[in-house]
Each structure stands twice: as structure tokens, then as C-alpha cells.
Amino acid sequence: MEMLNLDLFPFEDLPLELRLMVFEYFTLKDRRDNLSFVSKSWAENLQSFTEDYQLHLYDCYLMEEIDPYSVLIKSTRKYRFLKLGKHFTSENPELVSRLLGHLGKHLHVLDISSTDEFSSLNESISLLMFAELKKLIVTKMSDLTKFDIFPESLEHIHVNQLSIMEQTKEVEHLKKIKNLRIWTSELINFKVEKDEFGESSTTIFSLNVKLKEILESLQTLDNIYLKVSTNFIGTPVVQIDAVIGMEFQEQPKTFLSFSDLPNLKSIIFLYDSLHTKSPCFDNHEVNICAKVEELKIIWDYKSCIGCFTTFIDSFPNLKKLTFLCCKCENEQFKYICSKLPHLKHLEVESYIPSQILLNELEKLKDLQSLILSHTIMPRTDFSVFCEKLPNIEFFETEGKLDVDDDSFIEILTHHWKNLRTLKLYYGFFSEKDSGNIILNCKKLRTIDFGYSINVQSSWVYHLFRDIPCLRRFEETYRKHYYNKFIAQGEKHHHHQ
């Protein structure tokens, strides 16, 4: 990275907003590892990039003498964002409290995927260890009731799943957050569940009349989930331009004219196929939806090819595309690769010939996540295939790509050193495969070989020992590895 010459331009004299705009052009790594060391003022400015100072603890088992606890408890990094996963566990609640207290001194955002560990602490003070906490993320409203006292700095509650009606006692619990200004959600459900205990419920929002008409023309509200950018404090009316995502649980009555929702970013269809009794999609007239970045769909490949091309052309800036339970014809796959060059995630549940994969996927230079059904590919082609996709971090396939010897994993790991997740469901895993993974893929977090029956415990032991980031091998989590090997000692293991 070429550093800025401060003698040639008075960068420090620019307003903060403009300085931050300049910093946005740098990568996370540059901001965190280079720019933050230029000066104290730059370091303070860069704290605005919360995502640069984040820590995710997923399948993490804490023991005092080993990683990750032994490393994190000594960390001097001022983390701003902390996410705890459902497998963040320990036999020692005091250890959890000590680590969170150390990491949380400068924390602004706390994402609790599972609150099990917090329930083992003193609930009246567990959040008070985060003195600068501004945003708390929980799964559902009932999670909030586990906390009786909240830090005064807290101003934003985000609930991953909200219903149009929530239990009154849980809504009232928000009043304990003294300076709460923002209440948001990831996914809105219109289906009202009957409470077997007869608890009273409170309506937390209503829909704009025009928005309600649009939704009900597509499906009953019970079968639609929404993602909205709405603050639910004060029982607001959700406006059309607040809808940023839609998820359909049943087949729509008609094709949706997505241009009716100007800020839509995500569309998910969870039903048998997109085919409906309505006329062709937008009558084959392309209406650009420039903000849509995610599309998950079950496509009826027998439908009009004009509908398919119109559909793809409507979303030129897609980053994530998933085609489920469909037969994607070769020409359709070629069209996807030629029209969607910015894709970062591609999932196709369909057989694609190796030569088409080889020729077309190289157009997707930004691709990071690839999920494919079984295909056939000679060794030489597979090596070229991997070389053309240098940024792959997530790879999943139903079967080994028929490389003509046992070099499949060797080739894959040699080219894809940034892999975080590797899932191969062909049911065979060798000691050579284990060695190549350890040698080349130090960033791996998850490995899944489809319940391979030939896996030796010593291979798994070395994978966990030599890949610090690894959290799961098939159904074995790092915590199981700790329990089985660390507690018994390495010496005991080698004697077995």
C-alpha cells in the first residue's frame, strides 16, 4: 500500500466526514494494520469503522491455559464489535466473565446468538461490564428479559426475529433501557401465534396502505416475511421505501414488479417454483432493480427462456445468487456468468459440464463462495479451474469432481489457501488429505466430509492442533477435541 504524503496535502485539515470517506477506499486490513499506526488522530478516526475491530467467537470452548482464551486475555486490541455463537461455551463461568470483561472495555456492539453463558453469570450485572455498549443484538424479545440492568450507554436494540405482535411484558421490558432510541429487527413475521398462557400482546407497527396492497396482491401476509429499515419505537407505520428484503413461504399469486419497492436488497422464494399462472415476467420488459444484491429462488427450468433472461437482467448488481432444486440448462448458466460479473456467492443445484464451469466461472473474478452439485472434471482441468478462482473462501460440492487420482484435495488446497469452509460429500478422507489441508489452509474454520467412516482420530487431533482457526470437523467441535485430548494430555493420546 502506498501511504499518503501528508506534506503535499493538508489531510488533517479536512472535515472528519471527508477523511472517513477517503479511508473507505482502503481495505479493512490496510485501515487496521497500517493506517491506524500513522498517528494518534488517525487511529481515533478509524475507530468509526466498527467492522474493522470485530471479534466473532463461534464454536469456541474456553479453557484457561489454551487458545483462544490464553491469547485473547492478553489482547490489547480495542474491539468494537463482539459476536458470540451458540457453541461459545466453558465449564467455568468465572472464566467467561473475566474474558468478556477484558474484551468488552471498548465494545460498542454486542451480538448474542446464544445467551446461555450469560444466564450462568450474575444477570443483574452481566451487561454492565460493557461500559461503552451502544447496540445489543438478540434473537428474540424474550432474550432481553434475561437482563434486568442495562448500561446507560445502550441506545439501540436489534432483534433478529420480530412478530407484528409481541408479548406486552416483553415490550414493556424495553423501558428499563434508560436511553433507548432505536429498536430494529432483521426479519418481520406477520403470523400471530396463539399464546397458550394467555399473555397479552402489543401491536408494534402497522403497514402503509399502499405497501399492504402490494403484499396482499402477492400472497397472504402470513406467508410473507419482511426485512425493513424501520425504528419500531412509537408503533410506526412501515413505509414502502423501508422494505429492504422479502421472503415468500408460499408460491405468489402473480409475478412481483420489484420496482414497486425501490430499496429492495434481498429476495428469497421458498416454494416449489417461480412458475405462476400469470403472464410472463414483466412481459419480458426489463425493470432494473439496482439495489438488489441477494436472490434465492427455485426456478422452473421449463418456463419461458425469455422470463429467465428478463429476470436475470433485472438484477445487474447481484452479489449472492442461489438456484435451488432446479435443472439449470447450460445456456442459462452461461447467461448468469456473463451478466452477473459481481457475484460473490453462487449456488446451483444442477449438473454443469466441466468445460462450461471452466470457461464460464472465470468471468466471476470476485467469487468467494461456490456451491455445486456433482460434476466430472479431469485433473488438469481441475487445477486450471482452481487457479481461475483465486478468492474462494467457501466451497461445497456433493461429490468429488472425479479427479483421476487422489490429488483432488492436494490441488484444491494448493490454490485456495484462503478457504474458511470446505464441505465435500463424497464420503472419503485420507491421511494425505489431512496433511495437505494442514499445510495449505491455515484459515479453515469448518471441514465436512459427509460423515466419512474412515477418519482416524489422530488425523482429527492434528487438524485441531495445527489449524488454530478450525472450529469444527464434521460433527466434532473444538470443545470436544479439548475434552478428549487436552484434558487427557497429549502424551496419553500418543500412547493410545
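Good morning. I shall begin with helix H14. The buried residues of H14 are covered by elements that include helix H13 (379–387), strand S20 (394–397), strand S21 (421–424) and helix H15 (431–440). Please bear in mind that this is a predicted model.

Which residues of H14 are buried? Within this helix, which spans residues 408–415, they are Phe-408, Ile-409, Ile-411, Leu-412 and Thr-413.

Let us turn to strand S21, one of the elements covering those residues. In a regular strand, side chains alternate between the two faces of the sheet. In S21, Thr-421 and Lys-423 point one way, while Leu-422 and Leu-424 point the other way, and all are buried.

What are the partners of S21? Strand S20 runs parallel to S21, and four bridges join the two. Here Phe-395 stands opposite Leu-422. S21 also pairs in the parallel sense with strand S22 (residues 446–448), over three bridges. In that pairing, Lys-423 stands opposite Asp-448.

Elsewhere, Ala-290 lies in the loop between strand S15 (266–269) and strand S16 (294–297). Is Ala-290 buried or partly exposed? Its relative accessibility is 46%, and therefore Ala-290 counts as partly exposed. Between Ala-290 and Ser-314 there are 7.8 Å in space, C-alpha to C-alpha, although the two are 24 residues apart in sequence.

Finally, a word on confidence. The average pLDDT of the chain is 80, and 77% of the residues score at least 70. Confidence is highest in strand S13 (residues 237–238), at 94, and lowest in helix H18 (residues 490–495), at a mean of 45. Over residues 490–496, pLDDT stays under 50, and the model has eight contacts beyond four places in sequence for them. Thank you.

Technical notes
Residues numbered from 1 in each chain as written. Heavy atoms only, no water. Buried < 20%, exposed > 50% of the residue type's maximum accessible area, 1.4 Å probe, protein only. Contact = heavy atoms within 4.5 Å. pLDDT = per-residue confidence, 0-100. Pairing = 2+ DSSP bridges.
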